[in-house]
Amino acid sequence: MEFRRNQGSATFALTDLGIDTHMMTVAKRLGLAAMTTLMAGAALAQTAIEDLEIVGAPTLGATGFQPAVTELARDLQWLDGWLLVMCAAITLFVVGLIGWVCLRYNAKSNPIPATFTHNSPLEVAWTIVPIVILVFIGAFSLPVLFKQQEIPDGDIYITATGNQWFWTYEYTDENVFFESYMIGYNEGNLNAGIIEQLEEAGYSASEFRLATDTAVVVPMGATVVMTITGADVIHSWTIPAFGVKQDAVPGRFAQLWFNAEREGIYFGQCSELCGKDHAFMPITVKVVHPDVYDEWLAGAKVEFPT
């Protein structure tokens, strides 16, 4: 075998190995083209993830719920509105009844009060009517609760673990694991350096203390089952726009599920007091097109292997 040195690098005479140099050139070009295509696909996927609309986020001075993007959230918001109407009707009835009694039976209007102390029909009524109301409420609220707690078969399984004060995520079927910290954590209040980090990640100063350096990425229309646990103290994982919330208890595994119907970025925050930095433990979920998710997942397996 002929062996030559060229500027400190070792090269072999390919012809001595019986390999056609033209074929090697074609193979190199094909390999370069494949690598370029892969890198371009990953870049497009990353751009698609960064250019998402922010859908689920708190709005300064606003009231009400964030946009509902899952069936669970729609059910919860409908139930809340329906119960509000029922509670308002009961409150108006009770206040009106008290007002009528005050006007009808005050000392001026009724100088000679009645002497009876019991009214059996009335006592039966005010016992039975609240029971009927509670049964009526339960008939609508229990199906919503069961829908949340009955976990379906998932397309994607993710384990979220609460730590003081960050989250870790593992895509259990994909061998992907990463940590998620608030952008600007331990760097003080909003400043130029934090704003630069936010902008590099595709956010603005308005998303400070909401945005994280890594995000949970899921495809639109997929059933995602999350297993929630804690590593130290009790935390709580929630995304209001999904209508899900689950405590992360050390030593216990609980589950929640959702199926997001709209692409976008959704924020949540740890919802269980967990120590001094409880306020700096946000959650970011990005819902993307299934094709974008597949490209992101391929890159994540390389970047975040378990």
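1. Is Arg209 buried, partly exposed or exposed? In this predicted model, Arg209 has a relative accessibility of 30%. The residue therefore counts as partly exposed, because that class lies between the buried limit of under 20% and the exposed limit of over 50%.

2. The backbone at Arg209 also deserves attention. Although Arg209 is not a glycine, its phi is positive, at about 70°. Arg209 sits in the loop that runs between helix H4 (192-200) and strand E7 (216-219).

3. A positive phi also occurs at Asn175, with a value of about 60°, and this residue is not a glycine either. Asn175 lies in the loop between E5 and strand E6 (176-180).

4. The peptide bond between Gln164 and Trp165 is cis, with omega at about 0°. Trp165 belongs to the loop linking strand E4 (156-163) to strand E5 (166-171).

5. The largest nonpolar core comprises 58 residues, of which Tyr169, Tyr171, Met226, Trp237 and Phe242 touch the most other members. The element that gives the most to this core is helix H5 (residues 290-303), which supplies five residues. In soluble globular proteins, nonpolar side chains tend to be buried together.

6. The surroundings of Tyr171 may be checked individually. When neighbours within four places in sequence are set aside, Tyr171 is in contact with Ile156, Tyr157, Ile158, Val176, Phe178, Val216, Val217, Tyr293 and Trp296.

Definitions and conventions
Residues are numbered from 1 along each chain as its sequence is written. This is a predicted model: local features need pLDDT of at least 70, side-chain atom pairs count only at pLDDT 80 or more; totals for chains, interfaces and linings use all residues. Side-chain values use heavy atoms; hydrogens and water are left out. A nonpolar core is a set of buried Ala, Val, Leu, Ile, Met, Phe, Trp, Tyr and Cys residues joined through side-chain atoms within 4.5 Å. Buried means under 20% relative accessible area, exposed over 50%, partly exposed in between (1.4 Å probe, protein chains only). Helices (H or I, at least four residues) and strands (E, at least two) are DSSP runs, numbered from the N terminus. Contact means heavy atoms within 4.5 Å.
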